[in-house]
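Please read it alongside the sequence and the structure shown here.

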Amino acid sequence: MTKYALITGASRGLGKAIALRLANDGFAVIINYQSNKEAAEDTLKQVQEAGGTGELLPFDVSNPQAIDTALESWQNAHPDDYISVLVNNAGIRQDNLMIFMQEEQWSKVLDTTLNGFFYITRRLLKDMMTHRNGRIINMASLSGLKGLPGQTNYSAAKAALIGATKALAQEVAARKVTVNAIAPGFIATDMTKELDEAELKKLIPLGRFGKPEEVAALTSFLASDESAYITGQVISINGGLYT
């Protein structure tokens with residue numbers, strides 16, 4: 001039976017690296033994106049060139065109607081299948097000091113990270129629980145554990161995601177569904193390219209930014225049968241920056 005993994009925000013960065021890794025692990029990957037179709041198609045092409053299988057599924061993770069429509073169409077096209085691995089990776093940053101933060105900067109960041117997790121996970125949980133098999137992996141952040149100045153919105157969203165991870169893990173454990181969060185520190189992606197890497201590296205005990213592939217490797221383990229006894233956890237991958 002084909003195993004399916006849905007990765008949100010998989011057109012580039014961490015999502016792309018995770019899609020490539022899970023495809024290499026034998027999953028048929030469902031590559032979600034919102035607007036960057038060209039980048040998503042490139043991710044799919046790389047999956048296929050490496051011998052994997054995948055498909056594109058565009059929708060806005062902050063729009064519950066769009067999510068329901070997209071996932072319903074996927075399930076209609078795959079009546080005998082279900083999505084056993086969900087990686088809630090989609091997220092945006094709109095940094096600002098809170099005193100200057102606009103309402104839209106607050107709500108948009110929370111809508112994408114936190115509400116997106118709720119809308120999609122709720123939709124896919126039933127099949128995971130019915131089949132007594134599922135992996136939900138939520139991409140949190142160092143910001144959600146430590147808090148970072150200029151990221152009150154982002155830190156709030158990621159901290160809430162961590163709380164939701166711990167609660168949901170307890171709700172679904174009896175049905176063999178695990179729920180874990182990954183909290184990356186500074187990873188070399190599009191999202192961090194405007195940061196002063198030379199200065200920030202001085203703060204990191206391992207002396208460098210992480211690689212997307214390293215986060216993907218951790219995701220791969222949490223998506224596997226080998227991680228069946230791990231649930232409700234937040235695993236940091238930050239080079240020792242925060243412990």
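## The second largest pocket

In this predicted model, the second largest pocket is lined by 15 residues, and those that lie nearest its centre are Lys3, Phe27, Ser84, Ala223 and Asp225. Two or more lining residues come from each of β4 (83–88), β5 (134–139) and α8 (212–223). The space in this pocket amounts to about 240 Å³, and its lining divides by class into five nonpolar, six polar and four charged residues.

## The largest pocket

The largest pocket has a volume of about 1,200 Å³. Its lining is made up of 49 residues, with Gly91, Ile92, Arg93, Tyr154 and Met191 lying nearest the centre. At least two lining residues are supplied by each of α1 (13–24), β2 (28–33), α4 (103–131), α5 (142–146) and α6 (152–172). Sorted by class, the lining of this pocket holds 20 nonpolar, 19 polar and ten charged residues.

## Gln151 in the loop between α5 and α6

Where does Gln151 lie, and is Gln151 buried or exposed? The residue is found in the loop that runs between α5 and α6, and Gln151 counts as buried because its relative accessible area of 8% falls under the 20% cut-off.

The side chain of Gln151 makes a polar contact with the side chain of Ser143 at 2.5 Å, and another polar contact, at 3.3 Å, joins the Gln151 side chain to that of Asp95. Leaving aside residues up to four places away in sequence, Gln151 touches Arg93, Asp95, Asn96, Ser143 and Ala156. One of these neighbours, Arg93, is also among the residues nearest the centre of the largest pocket.

In soluble globular proteins, nonpolar side chains tend to be buried together. Here the largest nonpolar core has 28 residues, and Leu6, Ile83 and Ile120 are those with the most contacts inside it. The elements that each give two or more residues to this core are β1 (4–7), β2, α3 (64–77), β4, α4, α6 and β6 (177–184), and the largest share, six residues, comes from α4.

Not counting residues up to four places away in sequence, Ile120 touches Leu6, Thr8, Phe59, Val61, Ile67, Leu86 and Asn88.

Notes
Residues are numbered from 1 along each chain as its sequence is written. This is a predicted model: local features need pLDDT of at least 70, side-chain atom pairs count only at pLDDT 80 or more; totals for chains, interfaces and linings use all residues. Side-chain values use heavy atoms; hydrogens and water are left out. On a 1 Å grid over the protein atoms alone, a cavity is a set of points where a 1.4 Å probe fits but cannot get out, and a pocket is an open set with protein on both sides within 12 Å along at least five of seven lines; lining residues have an atom within 4 Å of a point. Grid points are joined across faces, edges and corners, and a volume is the space filled by probe spheres set on the points. Helices (H or I, at least four residues) and strands (E, at least two) are DSSP runs, numbered from the N terminus. Ala, Val, Leu, Ile, Met, Phe, Trp, Tyr, Cys and Pro count as nonpolar, Asp, Glu, Lys and Arg as charged, and the others, Gly among them, as polar. Buried means under 20% relative accessible area, exposed over 50%, partly exposed in between (1.4 Å probe, protein chains only). A polar contact is a pair of N or O atoms within 3.5 Å; within protein, one must be able to donate a hydrogen and the other to accept it, and residues adjacent in sequence count only if both atoms are side-chain atoms. Contact means heavy atoms within 4.5 Å. A nonpolar core is a set of buried Ala, Val, Leu, Ile, Met, Phe, Trp, Tyr and Cys residues joined through side-chain atoms within 4.5 Å.
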